[in-house]
Amino acid sequence: MSFSSPLFLWFFMPATLLAYWVLPRHWRNGLVAVVSLVFYTWGAGPYVVLLLSAIAVNYGAGLAVGSAWARERPGARRGLLVAAVGWDLAILAVWKYGGFASRQADALSGALGLGHTPIVEIALPIGISFFTFHHLSYVVDVYRGSRPAQRSPVGFVTYIAMFPQLVAGPIVRYHEISEQLTETRRDRFGDFAAGFPRFALGLVKKVVVADTIAPVADAAFAQAGGQITTPTAWLAALSYTVQIYFDFSGYSDMAIGLGTMLGFRLPENFNRPYSAYSVTDFWRRWHMSLSRWFRDYVYIPLGGNRGGTLATYRNLLVIFVLCGFWHGADWTFLVWGLYHGALLVVERLLGWDRPPGTAFATLARRTVTFLLVVVGWVFFRAESMTEAGEVLRAMFVWTPGELDEFAAFALTHQRALTLALALTVVLLPASLTLGPLIESGRGGAVRVVRAAMTWVAAPYAGVLVAAGTFSPFLYYQF
């Protein structure tokens with residue numbers, strides 16, 4: 001059930017909010033837990049059993065790790081943590097990477113002349129990467145003592161399965177929300193007034209921009225199997241650059257807005273990433289909840305930047321290889337992660353991870369960074385390394401010709417105008433982040449924007465949804 005589907009917009013969300021306003025305040029967690037499991041079951045079907053089993057194991061593990069008995073026995077406590085983490089990683093390994101591993105084993109066996117091995121085909125449960133990272137955050141935070149174990153099973157289900165962030169984030173670390181799970185004094189009308197314009201902003205990003213550009217990106221990348229021309233290759237890269245930003249940041253705005261309407265404050269996930277002056281700065285602005293998760297639970301435990309220069313570079317490369325593989329079980333994602341990790345290492349070597357000193361240097365660095373990010377998205381979007389290579393070769397080695405016929409047909413005047421206007425986001429000031437401003441900003445201009453989102457933009461996006469012009473969010477597949 002997509003946030004931008006008629007079923008969600010016309011029935012599920014209004015019914016949930018109505019129940020939240022009518023029921024006693026202390027019933028909030030129970031309501032959110034129940035509707036979240038219904039939401040997940042609607043989209044994932046029997047895979048809800050996998051989610052529930054993971055919830056049960058981690059709930060029990062948290063109680064065990066946080067118990068007085070375990071605190072008196074450090075070795076046993078560490079063993080409990082390792083067992084819980086191993087369980088969570090095993091779920092991710094089997095369901096997300098089992099098929100990839102079996103295909104690589106088959107290819108290697110065939111190359112060695114040993115015949116073929118069985119290939120395992122496993123359907124990917126939606127949201128598995130996100131709810132696994134939530135479970136890992138929980139048991140590690142309890143082990144570290146930064147937050148006590150959640151004793152209420154309803155509160156724990158609410159944290160893990162909360163439908164606004166269940167299938168595509170933001171990734172909420174347990175210590176960011178544990179205290180909110182026990183809050184009962186809320187201004188429900190004020191929460192709705194703050195959250196709905198933010199939700200509307202995300203809906204507009206998704207339906208009006210991302211879904212409009214998606215056919216252009218699909219048509220342009222489809223030409224990579226033949227002799228793709230340079231104009232088509234650049235159209236493919238730029239249109240996908242726009243699509244993935246407005247799709248994913250749109251989802252995050254909708255999730256944060258929904259959370260706010262239900263009395264939760266979810267962490268920000270985007271901060272104008274295409275305005276970054278370096279790739280290092282880009283990762284401070286893009287999918288920020290993922291970056292913070294890897295920093296807290298992988299990079300710092302590996303030693304961070306405390307072990308010297310070479311150790312720091314190693315840790316950066318490890319983090320971004322894992323980041324790439326987290327996004328998908330394919331070589332294209334691994335290369336994308338390694339590409340970004342290598343760029344961060346180069347920037348540290350050259351000192352480009354620090355802010356530029358002049359306006360001209362800022363402009364130059366922002367331009368170079370944007371182009372580097374666009375190149376990276378080709379690996380992320382391509383179906384194979386061969387396809388990525390064909391697109392990149394056409395981008396940087398002139399292949400004459402106009403737009404391929406299929407891409408030219410997809411690029412209607414409306415879509416061309418939308419793409420051009422959306423690309424202007426690159427030119428806006430880096431400090432102008434509309435989502436948080438709409439939700440909590442002050443002033444007459446902010447009130448006008450809130451009103452426009454509520455009474456103009458949201459109804460227009462609703463009309464488009466009613467007409468059937470919506471599609472699943474890109475990050476649902478991760």
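Author: In this predicted model, the count of aromatic pairs comes to 49.

Reader: What makes the pair of Phe-282 and Trp-283 edge-to-face?

Author: The ring centres of Phe-282 and Trp-283 are 5.6 Å apart, which is within the 6.5 Å required of a pair, and their planes stand at 90 degrees, where over 60 counts as edge-to-face; the pair is therefore edge-to-face.

Reader: Why are Phe-282 and Trp-283 called buried?

Author: Buried means under 20% relative accessible area, and because Phe-282 has 1% and Trp-283 has 6%, each of them counts as buried.

Reader: How do you know which kind of pair Trp-336 and Phe-380 form?

Author: Their centres lie 4.8 Å apart, with 65 degrees between the planes, and since planes over 60 degrees apart count as edge-to-face, Trp-336 and Phe-380 form an edge-to-face pair. Trp-336 belongs to helix α14 (residues 331–350) and Phe-380 to helix α15 (residues 359–381), so the pair ties together parts that are 44 residues apart in sequence.

Reader: Why is Trp-42 called exposed?

Author: Trp-42, which lies in helix α2 (residues 28–44), has a relative accessibility of 56%, and because exposed means over 50%, Trp-42 counts as exposed. Together with Leu-7, Trp-10 and Phe-11, Trp-42 makes a nonpolar surface patch of about 480 Å².

Reader: How do you know that the charged end of Arg-28 sits over the ring of Phe-264?

Author: The charged end of Arg-28 is 3.8 Å from the centre of the Phe-264 ring, inside the 6 Å cut-off, which is joined by a condition of within 35 degrees of the ring normal; Arg-28 is listed as sitting over that ring.

Definitions and conventions: Residues numbered from 1 in each chain as written. Predicted model: local features only at pLDDT ≥ 70, side-chain atom pairs only at ≥ 80, totals over all residues. Heavy atoms only, no water. Patch = residues over 30% accessible without salt bridge, like charges linked within 9 Å, V, L, I, M, F, W, Y side chains within 5 Å. Areas by Shrake-Rupley, 256 points an atom, 1.4 Å probe, with all protein chains shown as cover. Salt bridge = Lys/Arg side-chain N within 4 Å of Asp/Glu carboxyl O. Helix = DSSP H or I, 4+ residues; strand = E, 2+ residues; numbered from the N terminus. Buried < 20%, exposed > 50% of the residue type's maximum accessible area, 1.4 Å probe, protein only. Phe/Tyr/Trp six-rings, centres within 6.5 Å; stacked < 30°, edge-to-face > 60°.
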